[in-house]
Amino acid sequence: MEGRVDQYAVVGHPVGHSLSPFIHSLFARQTGQVLSYRLMDVEPEHFNERVSEFFAAGGRGVNITVPHKGRALALADELTERAWRAGAVNTLAVRDDGTVLGDNTDGVGLTQDLVVNLDLTLRQRSILLIGAGGAARGVIASLLALAPQRVVVANRTAERAAALAAMFAGLGPIEGCGFGELEPTAFDVIVNATSASLSGELPQVPAAAVGPDTFCYDMAYGRGDTPFVRWARELGCRDAVPGWGMLVEQAAESFRLWRGVRPLTAPVLKALAGRAGPDGMSGISASN
Ligand code: ATR
């Protein structure tokens with residue numbers, strides 16, 4: 001493979017909307033790394049075969065998006081602890097010995113955006129995490145690592161929230177409940193990890209969860225504000241933002257894993273804003 005440009009791709013189905021090629025090409029230009037990065041639309045039944053072919057032909061790594069994060073977990077020869085805890089892989093990297101490492105950069109992408117870009121303190125703060133699917137599971141360990149006072153997972157289906165909280169109970173103060181069981185007190189930070197925004201819906205969280213000092217973050221992003229961001233602003237929260245920053249930060253972590261250099265994310269976020277984003281509510285940040 002000598003002399004060839006290192007190849008990367010984002011694998012999903014569908015994947016045409018993905019901003020990852022744009023983001024990684026900006027990272028490469030900024031850091032002086034020479035690589036190619038493309039879209040790979042792969043149907044579920046062909047996932048293993050197509051990814052293995054890509055690696056056999058010299059591909060060095062892939063990002064994984066919907067609906068393949070579980071398949072990527074199974075394909076990896078070895079997992080990072082955070083991928084294992086997330087139960088999902090969003091980054092595969094081919095190592096020098098040819099084995100494939102599975103990682104998950106979603107959680108660190110979220111906390112990097114919250115703490116560094118948005119300058120929030122999470123230590124000793126109360127966090128409400130809305131949703132109990134794969135997106136929520138992917139970020140819990142990273143949130144607990146910041147030593148919050150507590151993380152409350154609230155979900156439309158209460159049992160899923162309780163089960164998810166139980167899974168992470170060893171890592172810090174976490175509890176799970178249904179929306180109706182939430183106490184009527186405002187949280188310091190609320191993160192929406194449901195897929196509700198994708199269908200233009202709003203999770204039915206009680207308005208009392210939002211106070212004037214509450215910071216609200218939607219892991220979903222799209223052109224304009226998401227329903228959750230609009231709802232939180234109308235309630236007079238401190239601020240509410242969609243998940244563009246998480247999208248770029250998780251990509252930067254993948255890039256660092258592959259190339260050993262972490263690109264600056266601020267200029268890329270600025271470029272994305274200039275590009276005005278994808279049409280409509282297409283995509284959650286955790287989905288590359
Ligand atoms: P993902 O991998 O994106 O997390 P998922 O595992 O299907 O996808 O989980 C979707 C999450 O969004 C769930 O927490 C789901 O709630 P339920 O467990 O009750 O289904 C939540 N969700 C989706 N649409 C929603 C809506 N309109 N209101 C509230 N929660 C919603």
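1. A residue is called buried when its relative accessible area is under 20% and exposed when that area is over 50%, with partly exposed in between. In this predicted model, arginine 85 has a relative accessible area of 23% and is therefore partly exposed, whereas glutamate 81, at 52%, counts as exposed.

2. These two side chains form a salt bridge, in which the closest N and O atoms of arginine 85 and glutamate 81 are 2.9 Å apart. Both residues belong to helix 4 (residues 81-86), where a separation of 4 residues corresponds to about one turn of the helix.

3. As for accessibility, arginine 150 is buried, with a relative accessible area of 18%, while glutamate 175 is partly exposed at 34%.

4. In helix 9 (residues 244-259), arginine 256 and glutamate 253 are 3 residues apart, a separation of about one helical turn, and their salt bridge brings the closest N and O atoms to 3.0 Å. Arginine 256 is partly exposed, with a relative accessible area of 33%, but glutamate 253 is buried at 7%. Both residues belong to one network, in which salt bridges that share partners join Arg82, Asp103, Glu249, Glu253, Arg256 and Arg262.

5. The sheet should be read with its strand order in mind: 6 strands form an open sheet in the order 9-8-7-10-11-12, and the pairing is parallel. Strand 9 and strand 12 (239-242) are the edge strands, each of which pairs on one side only, and the twist from one strand to the next averages 15 degrees.

6. Within this sheet, strand 7 (residues 126-130) and strand 10 (residues 189-192) run parallel and are joined by 4 bridges. Isoleucine 130 has asparagine 192, in strand 10, as its bridge partner.

7. Two helices may be described together with the sheet. Helix 6 (residues 134-144) lies across strand 7, strand 8 and strand 9, and runs at about 170 degrees to strand 7. Helix 7 (residues 158-167) packs on the sheet and touches strand 8 and strand 9, its direction making about 175 degrees with that of strand 9.

Note on methods:
Residues numbered from 1 in each chain as written. Predicted model: local features only at pLDDT ≥ 70, side-chain atom pairs only at ≥ 80, totals over all residues. Heavy atoms only, no water. Salt bridge = Lys/Arg side-chain N within 4 Å of Asp/Glu carboxyl O. Buried < 20%, exposed > 50% of the residue type's maximum accessible area, 1.4 Å probe, protein only. Pairing = 2+ DSSP bridges. Axes fitted to C-alpha atoms, helices over the stretch in contact; angles between N-to-C directions. Contact = heavy atoms within 4.5 Å.
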